[in-house]
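Biologist: Hi! Could you walk me through this one? I'm new to it.

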Amino acid sequence: MKLIERKQYLDKIIGGIGISDIKVLTGVRRSGKSKLLEAFKAYVQKIFPMLILSISTLIYLSMITAQ
């Protein structure tokens, strides 16, 4: 199955880096929420190649950049 690039949504998530608000991705089942997080993870790893990321790391990273 072909992966649909959702640049508009990814840009919104990237724009939220450093903002201390909690970000929540919602949507119907099989709408691409996990794939969007994977794309965000790849973006962050491209910027910080030494990081080993998990979802909890992404949450922590968002919290420390907001301070």
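Modeller: Happy to; let's go from the overall fold to single residues.

Modeller: This is a predicted model, where local features need pLDDT of at least 70, side-chain atom pairs count only at pLDDT 80 or more, and totals for chains, interfaces and linings use all residues. Residues are numbered from 1 along each chain as its sequence is written, and side-chain values use heavy atoms, leaving out hydrogens and water.

Biologist: Thanks! How many helices and strands are there in the protein?

Modeller: The protein has three helices and zero strands, giving the pattern α-α-α along the sequence. Helices (H or I, at least four residues) and strands (E, at least two) are DSSP runs, numbered from the N terminus.

Biologist: And what share of the residues count as buried?

Modeller: Of the 67 residues, 15% count as buried. Buried means under 20% relative accessible area, exposed over 50%, and partly exposed in between (1.4 Å probe, protein chains only). The protein exposes about 5900 Å², with 62% of that supplied by carbon and sulfur atoms; the areas come from the Shrake-Rupley method with a 1.4 Å probe, and for residues only the protein chains shown count as cover.

Biologist: Which residues make up the largest nonpolar core?

Modeller: That core has six residues: Leu10, Ile13, Ile14, Leu36, Phe40 and Val44. A nonpolar core here is a set of buried Ala, Val, Leu, Ile, Met, Phe, Trp, Tyr and Cys residues joined through side-chain atoms within 4.5 Å.

Biologist: Why would such side chains group together?

Modeller: In soluble globular proteins, nonpolar side chains tend to be buried together.

Biologist: Let's look at H2. How far does H2 reach from its first C-alpha to its last?

Modeller: H2 has 15 residues and reaches 22 Å, close to the 21 Å expected at 1.5 Å a residue. The expected span is 1.5 Å times one less than the number of residues.

Biologist: Where do the buried residues of H2 fall, seen down its axis?

Modeller: Leu36, Phe40 and Val44 are buried in H2. Seen down the axis, the buried residues fall within an arc of 80 degrees, so they line one face of the helix; the arc is that of the directions from the helix axis to the C-beta atoms.

Biologist: Switching topic: how many salt bridges does the count come to?

Modeller: The count comes to two, where a salt bridge is a side-chain nitrogen of Lys or Arg within 4 Å of a carboxyl oxygen of Asp or Glu. Asp11 pairs with Lys7 at 3.5 Å, N to O, and both lie in helix H1, four residues apart, about one turn of the helix. Lys35 pairs with Glu38, their closest N and O atoms being 3.5 Å apart.

Biologist: How far apart are Lys35 and Glu38 in helix H2?

Modeller: Lys35 and Glu38 are three residues apart in H2, so about one helical turn separates them. Lys35 is partly exposed, with a relative accessible area of 46%, and Glu38 is partly exposed, with 45%.

Biologist: One last thing: what is the phi of Arg30 near?

Modeller: Phi of Arg30 is near 60 degrees, a positive value in a residue other than glycine. Most residues other than glycine have a negative phi. Arg30 lies in the loop between H1 and H2 and is exposed, with a relative accessible area of 78%.
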